[in-house]
Amino acid sequence: MAPLLEVKDLKKHFNTPRGLLHAVDGVSFTVEKGQTLGVVGESGCGKSTLGRTILHLLDPTAGVIRFEGRDITVVKKKELHDLRQDMQMIFQDPFSSINPRMTVGQIIGEPLNIYKLHKDKQEHRAHVLELMSTVGLAENMENKYPHELDGGRRQRIGIARALALNPKFVVCDEPVSALDVSIQAQILNLMKDLQKQRELTYMFITHDLSVVKHISDHICVMYLGTLVEKTSAQELFRNPVHPYTQALLSAIPQPKLVQKERILLKGEISSPINVKPGCRFAPRCPGCRGVCRQQTPELKETAPGHFVACHFA
């Protein structure tokens with residue numbers, strides 16, 4: 001069976017006064033229906049740009065995007081309008097991504113109005129209240145404004161809005177990073193429950209590896225616009241191969257009884273502008289050798305289903 005989403009050699013470059021910025025540079029992966037792909041990496045590695053490019057919030061520079069077997073790399077305005085029903089996004093900041101001048105009911109109901117899904121106001125309101133109930137928002141919040149609510153409830157508004165059109169694929173751009181730990185757990189459990197109920201497929205973007213382990217089936221590790229490792233979530237935490245992945249995992253806080261040695265990365269981060277040949281992680285890699293600065297490593301399968309971009313994997 002064909003995957004729900006297939007991304008092949010996707011690139012997104014930006015022109016800057018200093019040169020060409022390689023925000024996303026040759027990324028390839030697939031996402032099966034009903035599963036969650038976690039995308040992790042440091043801030044600025046291109047995770048959010050990748051998600052926005054897939055949804056055509058940014059136009060791709062090169063590469064191929066296929067959704068349900070259909071090539072959607074280049075789509076016309078009408079095709080994109082129809083595609084929005086199947087592909088939605090939960091944004092990182094639950095406050096700046098919603099209109100502060102609209103009530104909760106108006107925000108959640110806006111997609112329903114745009115796509116004219118209901119015949120009358122009663123049917124429309126019933127659907128809005130159903131969505132509010134689904135994400136755990138009380139009915140008495142329908143006429144409240146975002147500034148009257150806490151971060152967890154605002155994020156629930158964003159989730160309800162993303163689900164309003166009953167999409168098949170949702171890009172979750174760090175949906176819990178701005179929330180307290182206790183609220184994070186509530187939102188993550190809610191998203192997992194909704195995934196089972198609606199057979200949703202997620203692309204979950206985060207820099208928090210403890211979060212991505214909880215929700216993902218497969219994980220891609222990004223570094224400066226490229227994938228350095230991708231495999232199942234279980235395999236990544238059991239056997240991280242790339243030096244960057246090993247450093248990320250060592251940074252996860254552990255109880256004193258199972259304290260692991262931290263891998264401290266030294267050196268300067270390479271510039272993503274006018275990228276030169278060689279491994280982009282080489283300046284910070286403790287095992288860097290001559291070939292690493294001269295040849296760009298390809299993402300190769302080192303074990304069944306485990307892909308690594310390292311000359312010495």
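**View 1. The lining of the largest cavity in this predicted model.** Met89, Ile90, Phe91, Pro94, Ser97, Ile98, Arg154, Gln155, Gly158 and Arg161 line the largest cavity. On a 1 Å grid over the protein atoms alone, a cavity is a set of points where a 1.4 Å probe fits but cannot get out, and lining residues have an atom within 4 Å of a point. The largest cavity has a volume of about 40 Å³, and the count comes to 1 cavity of 30 Å³ or more. Grid points are joined across faces, edges and corners, and the volume is the space filled by probe spheres set on the points. Strand β6 (87-90) and helix α5 (151-163) each supply at least two lining residues, with α5 giving the most, 4 residues. Helices (H or I, at least four residues) and strands (E, at least two) are DSSP runs, numbered from the N terminus. By type, the lining divides into 5 nonpolar, 3 polar and 2 charged residues; here Ala, Val, Leu, Ile, Met, Phe, Trp, Tyr, Cys and Pro count as nonpolar, Asp, Glu, Lys and Arg as charged, and the others, Gly among them, as polar.

**View 2. Helix α4 and its packing partners.** Helix α4 (residues 121-134) has 14 residues and reaches 20 Å from first C-alpha to last, close to the expected 20 Å (1.5 Å times one less than the number of residues). Its buried residues (under 20% relative accessible area, 1.4 Å probe, protein chains only) are His124, His127, Val128, Leu129, Leu131 and Met132. These pack against α3 (104-114), α5 and α6 (181-198), contact being heavy atoms within 4.5 Å. At the start of α4, a side-chain oxygen of Asp120 comes to within 3.3 Å of the backbone nitrogen of Gln122. Just after α4, Gly136 has a positive phi of about 85°.

**View 3. The buried residues of helix α3.** Val104, Gly105, Ile107, Ile108, Gly109, Pro111 and Leu112 are buried in α3, and they pack against α4 and α5. Just after α3, Lys116 adopts a positive phi of about 50°.

**View 4. His13 in strand β1.** This histidine, His13, sits in β1 (residues 5-16) and is buried, with a relative accessible area of 16%. The side chains of His13 and His22 make a polar contact (3.4 Å), that is, a pair of N or O atoms within 3.5 Å, one able to donate a hydrogen and the other to accept it, where residues adjacent in sequence count only if both atoms are side-chain atoms. Not counting residues up to four places away in sequence, His13 touches Leu20, Leu21, His22, Val24, Asp25 and Thr61.

**Notes for all views.** Residues are numbered from 1 along each chain as its sequence is written, and side-chain values use heavy atoms, leaving out hydrogens and water. In this predicted model, local features need pLDDT of at least 70 and side-chain atom pairs count only at pLDDT 80 or more, while totals for chains, interfaces and linings use all residues.

Notes
1 Å grid on protein atoms, 1.4 Å probe; cavity = no way out; pocket = protein on both sides within 12 Å on 5 of 7 lines; lining within 4 Å. Buried < 20%, exposed > 50% of the residue type's maximum accessible area, 1.4 Å probe, protein only.
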